[in-house]
Amino acid sequence: MHAHGSSPASRPAAPPRAQAGLARARILGTGAFLPPFVRTNRDLERLVDTSDAWITERTGIRERRLAPEGTTTSDMGAIAALAALDMAGLRATDLDLIVVATVTPDMPMPSAAALVQHKIGAGPCPAFDIGAACAGFIFALTVAEQFIRTGKRHRVLVVGGDTLTKFLDWTDRKTCILFGDGAGAVVLGSDVAVDAQDRPRGVLSTSLSTDGSLVPALYIPGGGSAHPPSAATVEGRLHFIRMNGQEIFKHAIKNLVSASHAALDDAGMTTAGIDWVCAHQANKRILDQVAIRLGTAPDRMLSNIDRVGNTSSASIPILLDESVRAGKIKDGDTVLMSALGAGVSWGGAVVRM
Ligand code: COA
């Protein structure tokens with residue numbers, strides 16, 4: 001089938017896009033920010049009917065960080081972004097696109113990305129948010145790498161940041177124990193380079209999916225157009241996270257594995273070719289199950305959930321940055337990422353550093 005009005009004979013020569021298609025989005029720098037205020041499981045024992053032993057055993061979380069009043073998602077995202085730019089050896093003015101994954105922007109409008117752009121002194125360049133909750137970073141990475149592959153953009157900042165502790169019901173022991181705040185960032189550059197073994201580097205593949213029939217399993221009912229903020233929505237506690245933990249648990253294991261396999265298949269790889277798994281840090285028991293089903297050795301599973309809890313869109317980029325700076329993830333290592341969050345949305349990515 002031919003495009004309307006064209007025939008093989010009259011079709012113009014392939015656009016430069018075919019050459020640009022050789023370019024991949026390579027991670028040039030990583031950065032992260034965790035707010036300094038620590039809330040331990042012992043602190044939570046004073047707030048709700050729970051125990052350090054229960055939380056540690058059922059989730060693997062020992063403590064999490066909380067953004068204090070006045071500290072926003074874009075504040076944290078900007079600090080993470082500057083650290084990533086510094087590692088990349090680039091200035092904010094070098095960026096030609098900014099994508100921020102968040103479901104807790106500073107305000108309904110403008111985007112957190114516009115605020116991050118201003119705070120780091122970047123632009124003018126397009127800047128927008130992506131909302132896929134805890135899967136947000138994989139969605140943002142995918143969008144950003146498409147811009148680079150098509151040759152439209154060359155230096156892209158991807159931030160994952162959330163302040164979900166501001167949306168927690170601190171009387172609900174089923175949710176308030178899980179989440180923490182933070183931000184992570186990567187700077188992507190257009191690159192045609194190969195590693196020492198002649199293998200391509202950068203984002204090798206991604207896979208995304210959403211099943212909207214699962215919305216009731218994890219959501220914040222109030223504050224949007226369904227229930228605009230009012231005294232009644234506050235009274236009804238509609239601005240807090242509601243979650244069916246067991247349902248999310250089940251889907252997380254299944255879909256983190258399926259997203260991983262989809263990304264691996266697309267990259268023409270198997271888990272044998274993976275050096276590190278950098279999966280969304282939601283629950284240690286979920287991560288253990290994912291490792292078993294993927295056949296990944298436990299020491300290849302990166303984790304910081306004990307210190308930071310579930311930081312939503314920030315989870316993967318914070319863990320990535322910590323692992324790079326600790327010298328664990330090295331140049332040329334292949335990293336399998338996967339995440340799942342409200343939507344329910346999930347995704348995977350294979351990235352060679
Ligand atoms: N402290 C002590 N007891 C708790 C508790 C807490 N913080 N939270 C729940 N319980 C109790 C429950 O009330 C229940 O008691 P009951 O048997 O008397 O009714 C019991 O523990 C078991 O509850 P259950 O919900 O079956 O626990 P669980 O093993 O499924 O663990 C989660 C609960 C939330 C930790 C777990 O389901 C989970 O992590 N789910 C995924 C959530 C997630 O990752 N969400 C974000 C995705 S991005």
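User: Where is serine 315 found?
Analyst: In this predicted model, serine 315 lies in helix α11, which covers residues 315–325.

User: Buried or exposed?
Analyst: Serine 315 has a relative accessible area of 2%; because the cut-off for buried is under 20%, serine 315 counts as buried.

User: What does the side chain of serine 315 reach?
Analyst: It reaches the backbone nitrogen of glutamine 281, at 2.8 Å. Leaving aside residues up to four places away in sequence, serine 315 touches His280 and Gln281.

User: Turning to helix α4, what should its 16 residues span?
Analyst: Helix α4 (residues 73–88) should span 22 Å at 1.5 Å a residue, and the C-alpha atoms at its ends are 22 Å apart, so the two values agree.

User: Which residues are buried in α4?
Analyst: Among them are Thr73, Ser74, Met76, Gly77 and Leu85. The elements covering the buried residues of α4 include β1 (24–33), α5 (112–120), β6 (155–162) and β7 (182–191).

User: And what follows α4?
Analyst: Glycine 89 follows, with a positive phi near 70°.

User: In what order do the strands form the open sheet?
Analyst: The 5 strands are ordered β1-β7-β6-β4-β5, with mixed pairing.

User: How many bridges join β4 to β6?
Analyst: 5 bridges join β4 (residues 97–101) to β6, and these strands run parallel. Valine 99 stands opposite valine 158 in β6.

User: Which helix packs on the sheet?
Analyst: Helix α6 (residues 136–149) packs there, touching β1, β4, β5, β6 and β7; the direction of α6 makes about 20° with that of β7.

Notes. Residues numbered from 1 in each chain as written. Predicted model: local features only at pLDDT ≥ 70, side-chain atom pairs only at ≥ 80, totals over all residues. Heavy atoms only, no water. Helix = DSSP H or I, 4+ residues; strand = E, 2+ residues; numbered from the N terminus. Buried < 20%, exposed > 50% of the residue type's maximum accessible area, 1.4 Å probe, protein only. Polar contact = N/O pair within 3.5 Å; in protein donor to acceptor, adjacent residues only side chain to side chain. Contact = heavy atoms within 4.5 Å. Expected span 1.5 Å × (residues − 1). Pairing = 2+ DSSP bridges. Axes fitted to C-alpha atoms, helices over the stretch in contact; angles between N-to-C directions.
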